Amino acid sequence: MSFGWSASDIALLVRLAYKTSQGARAACGQYDELTRETSSLHLVLNRLKVEAAKPENPINKDKSHEKELGVIANGCKDVLTQLDKVLVKYNALSEQERSVRRLWKKIKFGNGVVADVAALRSKITYYTSSLTLFLNMISLGTIGDVEEKMDKAGGDLQDIKNA
């Protein structure tokens with residue numbers, strides 16, 4: 001997935017977020033902070049996917065939005081990929097089978113990966129906030145455009161704006 005970005009790239013990112021969220025749920029439980037953070041990111045990405053699929057949406061009209069979104073989405077993809085790898089390793093440990101290989105994975109997991117998960121969780125929160133802010137800024141820009149057009153049109157539209 002390379003981001004210049006497209007709706008299909010966003011759809012792939014939504015799938016990765018969903019997979020990571022499900023991995024967090026399996027590893028930590030439904031009410032754990034990591035599960036909530038990954039689920040929140042999945043929700044925001046899902047909203048972005050819906051908006052990006054609309055050709056008339058302001059996200060698709062301004063090329064500067066594409067570059068800004070690309071930066072955020074690439075970072076998002078990187079952190080989700082890293083976290084997913086950790087969760088896949090961890091969730092392999094919780095199976096019923098007890099073999100030497102699984103014991104080795106458990107020992108290996110205990111060597112610093114827990115600290116990495118805290119850092120990844122923090123990055124998940126950062127990217128959730130960044131995407132939310134990105135979408136909000138586009139909305140504000142659109143509202144500003146509407147107000148400007150209402151000012152130019154004058155008459156009854158000016159009265160509606162002031163109401």
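Confidence in the protein chain is lowest in helix α5, at a mean of 49, and highest in α2, at 93. The score is pLDDT, the predictor's confidence in each residue, from 0 to 100. Helices here are DSSP runs (H or I, at least four residues), numbered from the N terminus.

| Part of the chain | pLDDT |
|---|---|
| Protein chain | mean 79 |
| Helix α5 (residues 100–109) | mean 49 |
| Helix α2 | mean 93 |
| Residues 97–104 | below 50 |

Of the chain's residues, 71% reach 70 or more. Contact means heavy atoms within 4.5 Å. Where pLDDT is low, the predicted coordinates should not be read in detail.

This is a predicted model, in which local features need pLDDT of at least 70, side-chain atom pairs count only at pLDDT 80 or more, and totals for chains, interfaces and linings use all residues. Residues are numbered from 1 along each chain as its sequence is written, and side-chain values use heavy atoms, leaving out hydrogens and water.

Helix α1 (residues 7–28) packs against helix α2 (residues 33–52) at about 160 degrees, with axes 8 Å apart. That makes α1 roughly antiparallel to α2 (an angle over 145 degrees). Axes are lines fitted to C-alpha atoms over the stretch in contact, and angles run from 0 to 180 degrees between N-to-C directions.

Lys19 lies in helix α1. Lys19 is partly exposed, at 44% relative accessible area (between 20% for buried and 50% for exposed, with a 1.4 Å probe, protein chains only). Lys19 touches Asp84 and Val88, not counting residues up to four places away in sequence. The C-alpha atoms of Lys19 and Thr81 are 10.0 Å apart.

Note on methods: Helix = DSSP H or I, 4+ residues; strand = E, 2+ residues; numbered from the N terminus. Parallel < 35°, antiparallel > 145°, perpendicular 65-115°, else oblique.
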